[in-house]
Amino acid sequence: MRIAVGAPDNGALLKDAIEERLVRDERVSDVVDLSAPDITYPEVSFRVARAVAEGRVDRGVLICGTGVGTAIAANKVPGVRAATAHDLLTVRGSVENYDAQILCMGQNVIAPSAAWALIDIWLDLRHDPASSYGPKVDEITAYEARLHA
């Protein structure tokens, strides 16, 4: 799995800790850090989301102070679903139910060890389009397509 990571300054410490673990994980074939010095949370979110939307990576991890700003910004990129999650139920649902390709977390909200525990599970999660959520995700995708046609 190819993963893009990104964070502005207020998420850099957690992003670095997560990136270090991702690089060593056998399930991850490539980690691309799209952060830059003094980058804003919208810009790094757009970079990661575009990498996902264009197929350059399979998933993304964005870190800011709370995870909310990066999710809002990433969701502006057509074809991308980003979710803020800091607990097992939300992480699982973000992928299994809603097919979110980007996980957003907050450096001010979760400790690195807890964040990694969730990302470790997240790496193995998959969306089942035949599930009861499949048609709902399709409905979102169709609406988005109409907006960007």
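1. Strand S5, residues 102-106, is mostly covered in this predicted model: 5 of its 5 residues are buried. Buried here means under 20% relative accessible area.

2. Which residues of S5 cover its two sides? On one side lie Ile 102, Cys 104 and Gly 106, and on the other Leu 103 and Met 105. Each of these residues is buried, and both faces of the strand are covered.

3. S5 pairs with strand S3, residues 59-64, through 5 bridges, and the two strands run parallel.

4. Ala 82 has Ile 102 of S5 as its bridge partner.

5. The chain as a whole holds 6 helices and 5 strands. Read from the N terminus, the order is β-α-β-α-β-α-β-α-β-α-α. The radius of gyration is 14 Å, close to the 15 Å that the globule rule gives for 149 residues, so the chain is as compact as a globular protein of that length. Along the principal axes, the C-alpha atoms fill a box of roughly 40 × 30 × 25 Å.

6. Of the 149 residues, 44% are buried. Taking contacts between residues at least 6 apart in sequence, 69% join residues at least 24 apart.

Key: Residues are numbered from 1 along each chain as its sequence is written. This is a predicted model: local features need pLDDT of at least 70, side-chain atom pairs count only at pLDDT 80 or more; totals for chains, interfaces and linings use all residues. Side-chain values use heavy atoms; hydrogens and water are left out. Helices (H or I, at least four residues) and strands (E, at least two) are DSSP runs, numbered from the N terminus. The radius of gyration is taken over C-alpha atoms; the globule rule is 2.2 Å times the number of residues to the power 0.38. Buried means under 20% relative accessible area, exposed over 50%, partly exposed in between (1.4 Å probe, protein chains only). Contact means heavy atoms within 4.5 Å. Two strands pair if DSSP finds at least two bridges between them.
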